[in-house]
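Welcome! Take a moment to look over the sequence and the model, and then let us walk through them together.

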Amino acid sequence: MVTQRGRRDGADSAGRPPRRSRRQGTPDADNAPTAEMPAVPAETNGDAPEAVRAKSIPEAAVARLAVYLRVLSGMSEQGATTVSSEELSQAAGVNSAKLRKDLSYLGSYGTRGVGYEVGVLVSQIERILGLTRQHKVAVVGIGNLGHALANYGGFPGRGFPVEALFDLDPDLIGVPVGGLLVSHMDDIPRVCSERGISIGVIATPPTAAQSVCDRLVAGGVQCILNFAPVVLQVPAHIEVRKVDLAVELQILSFHVARRADSEAPAAGNQGNSGLPAGGSPAQNGKRGGRNGTGPDGGREMVVRS
């Protein structure tokens, strides 16, 4: 008796439960019949289904969804209508199992032999990320970074129009930057409230960051993107994302140094006739060995945060 795939309870026409497959694990969405993938259940507390689903998505998955959206948007612009999980995972730089898990939070559909519909995934991710409505942005600190952010044309097209600019420099007050006049920092609460700013970007020196943050919160800003190298103190309902370019560069430095250190012993062994790469520790670079250096070239690697 062949089990009927379309039955929700999984029983066959005689009422018997289906045979369990010996192979365990979640089926690949590309090879599954046209059916909804497991989605996070929407129930309890009277919230809308999407609100419940969004609350259950881990933060790391949210970051990956943003990457998927960027990749899918590019595919859509190039005329692609469908994409397999393997294609999308390779383009996004994640493994296919993790991608399918992330998409399951959306309650997404995968079609056998076809994969996912690009347009459907784009709309689902945009809805979950709250991109179906615009989020007005204010940039505080119109130095080099602030100028670049104010003039960046990619924000409005993605639903983040820059609607206000602030600085303390009297030479900048009233000057147009990116089509907007720069206002004084003292006006942050009033201007943000009047213009409905929901996201504030802090691009000031660290000494001014907390004061700017307090004014943004007073103006009704709900989320803050902080480029200043300080930890902000905010109320519990305010979301803060910190971007510290120096820390990111130090992390990259660590990876470069680790790769160089791991390659150093192998490079040193090439000049030793008859010495295999997997020789004894004393020969391969321990102190006092033939090469005279440690695995890291005799230097202690320090990464400062």
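When the whole structure of this predicted model is searched for aromatic pairs, one turns up. It is formed by Tyr152 and Phe155, whose ring centres lie 4.7 Å apart. Their planes meet at 85°, and since an angle over 60 degrees counts as edge-to-face, that is the name this pair receives. Are these two residues buried, partly exposed or exposed? Tyr152 has a relative accessibility of 44%, so it is partly exposed. Phe155 has a relative accessible area of 27% and is therefore partly exposed as well.

From this pair, let us turn to the nonpolar cores. In soluble globular proteins, nonpolar side chains tend to be buried together. Here, the largest nonpolar core is made of 22 residues, and Leu65, Tyr68, Leu72 and Leu103 have the most contacts inside it. Which elements give two or more residues to this core? They are four helices in the chain: H2 (59–77), H3 (85–92), H4 (96–104) and H5 (118–128). Helix H2 provides the largest share, with seven residues. Apart from this core there is a second, separate one of 19 residues, with Phe166, Met185, Ile197 and Leu232 among them.

Next, look at a stretch that comes with a label from a record. The unreviewed UniProt entry carries the annotation "binding site" for Gly141, Ile142, Gly143, Asn144, Leu145 and Gly146. Gly143 sits in the loop that runs between strand E5 (137–140) and helix H6 (144–151). Leu145, in turn, belongs to helix H6. Its relative accessible area is 34%, so Leu145 is also partly exposed. Which residues does Leu145 contact once its neighbours within four places in sequence are left aside? The answer is Ala203 and Phe227.

Finally, a word on the confidence of the prediction. The average pLDDT of the protein is 75, and 67% of the residues reach at least 70. Over residues 20–48 the pLDDT stays under 50, and the model gives this stretch 52 contacts beyond four places in sequence. Residues 275–305 also have a pLDDT below 50, with 44 contacts in the model beyond near neighbours in sequence.

Conventions. Residues numbered from 1 in each chain as written. Predicted model: local features only at pLDDT ≥ 70, side-chain atom pairs only at ≥ 80, totals over all residues. Heavy atoms only, no water. Phe/Tyr/Trp six-rings, centres within 6.5 Å; stacked < 30°, edge-to-face > 60°. Buried < 20%, exposed > 50% of the residue type's maximum accessible area, 1.4 Å probe, protein only. Core = buried A, V, L, I, M, F, W, Y, C linked by side-chain atoms within 4.5 Å. UniProt positions renumbered as here; feature names shortened; annotations may be inferred. Contact = heavy atoms within 4.5 Å. pLDDT = per-residue confidence, 0-100.
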